[in-house]
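Student: I have a new structure to learn. Please walk me through it, one piece at a time.
Tutor: Gladly. Here it is.

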Amino acid sequence: MTQALATAPNWARAARQLPPESRSVTLQFDDNALLPLLYGEHDRHLARIEQKLGVRLNSRGNRLTISGSPERTEIAETALRNLWRGLERGNHVGSAEVEAALRMAEGEAEQDPRLPGLGDLPQIRTRRGAIAPRTPAQSAYMDALARNEMVFGIGPAGTGKTYLAVAHGVALLLAGQVDRIVLSRPAVEAGERLGFLPGDMKEKVDPYLRPLYDALHDMMPADQVARRIAAGEIEIAPLAFMRGRTLAHCFAILDEAQNTTAAQMKMFLTRMGEGTRMAITGDPTQVDLPPGATSGLVEALRVLREVPGIGFAHFDERDVVRHPLVGRIVAAYGRADAARGQPGRAKDRDGIGK
């Protein structure tokens, strides 16, 4: 850590000897104009770091002192250093970025020291700006998308599985590495029967595919999204339209894959043609299929687990990047399902279920 800081010209670090159970680190910044952005309005970013880690932060001029347990102090130091580097690159720092920096710093503290730092992994770059991972699992997922032709992103709602897959596809399209993006979902209602929907085929399936449109509009201006859809460079279609097709030179995403049947999943995976990459995302704990039907996602995770060339990225409630309450809700439901003994509900990062 000392060596890493020594190579950064805009940082200085000094530590004084304290009892083994406590540690103090002073960070010095050389750009006073950026300090208000780092600290937040009324020092709210510093207050959040203190609350989350149980450390004390004291600022005097362009110096910031961190005091607390050695482990927590190290995490706070890493988080602040990463936030500062982001500010130097012109990135925005808000509450979401502070939470992300804390999650990433905690992940770096837990990971194998022989592995590269999580903050060193490449970002996904779109015309709306760079998209960086906000949790260690997101970082591993982005790495898997870059390295593998087919990746399964598995985990609860709000962990960024679909969003990052769409971002990766948009980056490949803008770079000319694929000719088009194909986004698909099974048209299954979430526990309701909507009956017959009015309109033409596009109007009937759009409600099911709305999350994919929302993600696209975050990556590109709305007029460009519409233009590329009209030109066929972006195709959004229900899963039922995939049978008999070969998807070549594209990036294909199957979202809400837990609501595919085993036959539908096999059908989609075997559409893969020359120059195509695929991302399959879903949450095995939110299956909306009729009782007794086997989820194609659950079966695929079991059948394809040892197949070379396929990457698997697992998320849990720690990776939820929506409102913090969402993570606690996911964890509470997970405990309730585990207590009822429902198979496949309690999962670890490396397998389908415990």
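Student: Which residues in helix 6 meet which residues in helix 7?
Tutor: Q138, Y141, M142, L145 and A146 in helix 6 meet K161, L164, A165 and H168 in helix 7. Contact means heavy atoms within 4.5 Å. Helices (H or I, at least four residues) and strands (E, at least two) are DSSP runs, numbered from the N terminus.

Student: What should I know about the model itself?
Tutor: This is a predicted model, where local features need pLDDT of at least 70, side-chain atom pairs count only at pLDDT 80 or more, and totals for chains, interfaces and linings use all residues. Residues are numbered from 1 along each chain as its sequence is written, and side-chain values use heavy atoms, with hydrogens and water left out.

Student: Back to the helix pair. At what angle do helix 6 and helix 7 pack?
Tutor: About 35°, with their axes 11 Å apart. Axes are lines fitted to C-alpha atoms, for helices over the stretch in contact, and angles run from 0 to 180 degrees between N-to-C directions.

Student: Is the crossing of helix 6 and helix 7 left-handed or right-handed?
Tutor: Right-handed. That label applies if the near helix is turned clockwise from the far one by less than a right angle; anticlockwise is left-handed.

Student: How many nonpolar, polar and charged residues are in that contact?
Tutor: The contact of helix 6 with helix 7 has 6 nonpolar, 2 polar and 1 charged residues. Here Ala, Val, Leu, Ile, Met, Phe, Trp, Tyr, Cys and Pro count as nonpolar, Asp, Glu, Lys and Arg as charged, and the others, Gly among them, as polar.

Student: How many bridges join strand 8 to strand 9?
Tutor: 5, and the two strands run parallel. One link pairs L183 with I236 in strand 9.

Student: S184 sits in strand 8. Buried or exposed?
Tutor: S184 counts as buried because its relative accessibility is 0%. Buried means under 20% relative accessible area, exposed over 50%, and partly exposed in between (1.4 Å probe, protein chains only). Leaving out residues up to four places away in sequence, S184 touches several residues, including L212, A237, I253 and F268.

Student: Where is T260?
Tutor: T260 lies in the loop between strand 10 and helix 10. T260 is buried too, at 0% relative accessible area. A polar atom of its side chain lies 2.7 Å from the backbone oxygen of A257. A polar contact is a pair of N or O atoms within 3.5 Å; within protein, one must be able to donate a hydrogen and the other to accept it, and residues adjacent in sequence count only if both atoms are side-chain atoms.

Student: Now strand 4. Which of its side chains are buried?
Tutor: L64, I66 and G68 point to one face and are buried.

Student: How do strand 2 and strand 4 pair?
Tutor: In the antiparallel sense, over 6 bridges. V25 is the bridge partner of I66, and L27 that of L64.

Student: Why is strand 2 called largely enclosed?
Tutor: Because 6 of its 7 residues are buried.

Student: What do strand 3 and strand 4 form?
Tutor: A hairpin with 2 residues between them. G61 in the turn has a positive phi of about 65°.

Student: Last one. What is the phi of H42?
Tutor: Near 55°, a positive value in a residue other than glycine. Most residues other than glycine have a negative phi. H42 lies in the loop between helix 2 and helix 3, and counts as exposed at 74% relative accessibility.

Definitions and conventions:
Two strands pair if DSSP finds at least two bridges between them.
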